[in-house]
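Reader: I've got a model open and would like to talk through a few of its details. Could you take me through them?

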Amino acid sequence: MTNVTHIAPRDKAEILAQALPYIRKFHGKTMVIKYGGNAMTDPALQAAFAEDVVLLKLVGINPVVVHGGGPQIETALKRLGKKGEFIQGMRVTDAETMEVVEWVLAGEVQQDIVGLINHAGGKAVGLTGRDGGMIRAQKLKMLDSADASKEHDVGQVGDIISIDPGVVKALQDDAFIPVISPIGFGENNESYNINADVVAARLATVLKAEKLMMLTNISGVLNKAGELLTDLTARQIDGLFADGTLSGGMLPKIAGALDAAKSGVNSVHIIDGRVPHVLLLEILTDQAFGTMIRSH
Ligand code: ADP
Ligand code: MG
């Protein structure tokens, strides 16, 4: 990580003062942060992430964290001799995989993040979609992206029916930082594994968030030549879907991002979680990182 001890105190003060207009603008606003990718596995980046979240909360911004856990689930499945399988970016989730998903996300990853944030001086509270009856879901009906008459069975992958943000709001009002695992519950109390990007996007909409920031393990959305696309409109995104530029985990990410942008979330960004303090840079400076998703 960059060493900042050589920066003169006066310059440091100047840097801090430049954050003031952003703090004023975003005071009291909600920011939904999808935390995933490499930023979640590298200890130095984890610590920087937790510091950013705490700092945002302390200057009066309301961060809500939704986490993924792909690499951790993969490791746990491997230990059990199971191999993860994906269809159109979604993890095929049989009953045994669902159990693993639930204990890895809610038991391990979520609690690690809660611990990190609390260690950095915040008050984080871990939740799943079951808590406060937050995320109602049903089995996802996945149509083939090339042939809509074909359907894929991806098991207990959930499609969100509704999100009740009551529990999140109650925690926010009380100085807590919610950390949410993307698990929903069905009509018969069954569990559903929901893509964390999809949860973050819907939650941002329901909470009328000012920003949705999806931290990932790549610099942003890339074109076929591997160049970063800094800005994308809905129409350009349709083009990227159609010409096969997007694949794997980027499919639900972009779809969620676009939904949120169209549903009134003011600014939606897919950003590089490998950049230390990327959240502070994105929110409190005029630097732009990664890809901004526009609603039209
Ligand atoms: P996360 O943990 O952030 O959700 P995912 O692996 O689910 O990570 O999604 C990000 C991945 O999507 C990238 O690492 C990349 O491999 C893949 N991807 C597919 N198409 C693109 C694209 N056009 N631009 C950038 N990444 C893409
Ligand atoms: Mg993903």
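Reader: Where is His277 found?
Author: Before I place it, note that this is a predicted model, in which local features need pLDDT of at least 70, side-chain atom pairs count only at pLDDT 80 or more, and totals for chains, interfaces and linings use all residues. Residues are numbered from 1 along each chain as its sequence is written, chains are lettered from A and ligands numbered from 1 in the order in which they are written, and side-chain values use heavy atoms, with hydrogens and water left out. Helices (H or I, at least four residues) and strands (E, at least two) are DSSP runs, numbered from the N terminus. On that scheme, His277 sits in the loop between β15 (267-272) and α10 (278-284).

Reader: Is His277 buried, partly exposed or exposed, and what is its phi?
Author: Buried means under 20% relative accessible area, exposed means over 50%, and partly exposed is in between (1.4 Å probe, protein chains only). His277 has 26% relative accessibility, so it counts as partly exposed. Most residues other than glycine have a negative phi. His277 is not a glycine, yet its phi is positive, at about 60°.

Reader: Which loop holds Asn189, and what is the phi there?
Author: Asn189 lies in the loop between β11 and β12. With 52% relative accessibility, Asn189 counts as exposed. Asn189 isn't a glycine either, and its phi is positive, about 70°.

Reader: How far apart are the C-alpha atoms of Glu187 and Arg136?
Author: Glu187 is in the loop between β11 (183-185) and β12 (191-193), and at 77% relative accessibility it's exposed. Glu187 and Arg136 are 51 residues apart along the chain, and their C-alpha atoms are separated by 8.0 Å.

Reader: How many salt bridges does the count come to?
Author: The rule asks for a side-chain nitrogen of Lys or Arg within 4 Å of a carboxyl oxygen of Asp or Glu. By that rule, the count comes to 12.

Reader: Which residue forms a salt bridge with Asp153?
Author: The closest N and O atoms of the pair are 2.6 Å apart. Asp153 lies in the loop between β8 (151-152) and β9 (158-163) and its partner in strand β6 (residues 135-139), so the bridge ties together parts that are 14 residues apart in sequence.

Reader: Are Asp197 and Lys253 buried or exposed?
Author: Asp197 forms a salt bridge with Lys253, with the closest N and O atoms 3.2 Å apart. The pair links distant parts of the chain, Asp197 in helix α7 (residues 196-206) and Lys253 in helix α9 (residues 250-262), 56 residues apart. Both are buried.

Reader: Which residue forms a salt bridge with Arg294?
Author: Arg294 lies in the segment after β16 (291-293) and its partner in strand β14 (residues 231-232), so the bridge joins parts that are 63 residues apart in sequence. Arg294 is partly exposed, at 35%. The closest N and O atoms are 2.4 Å apart, and the partner is Asp231.

Reader: At what angle do the axes of α4 and α5 cross?
Author: Axes are lines fitted to C-alpha atoms, for helices over the stretch in contact, and angles run from 0 to 180 degrees between N-to-C directions. The axes of α4 (residues 70-79) and α5 (residues 95-119) come within 10 Å of each other, and the crossing angle is roughly 130°.
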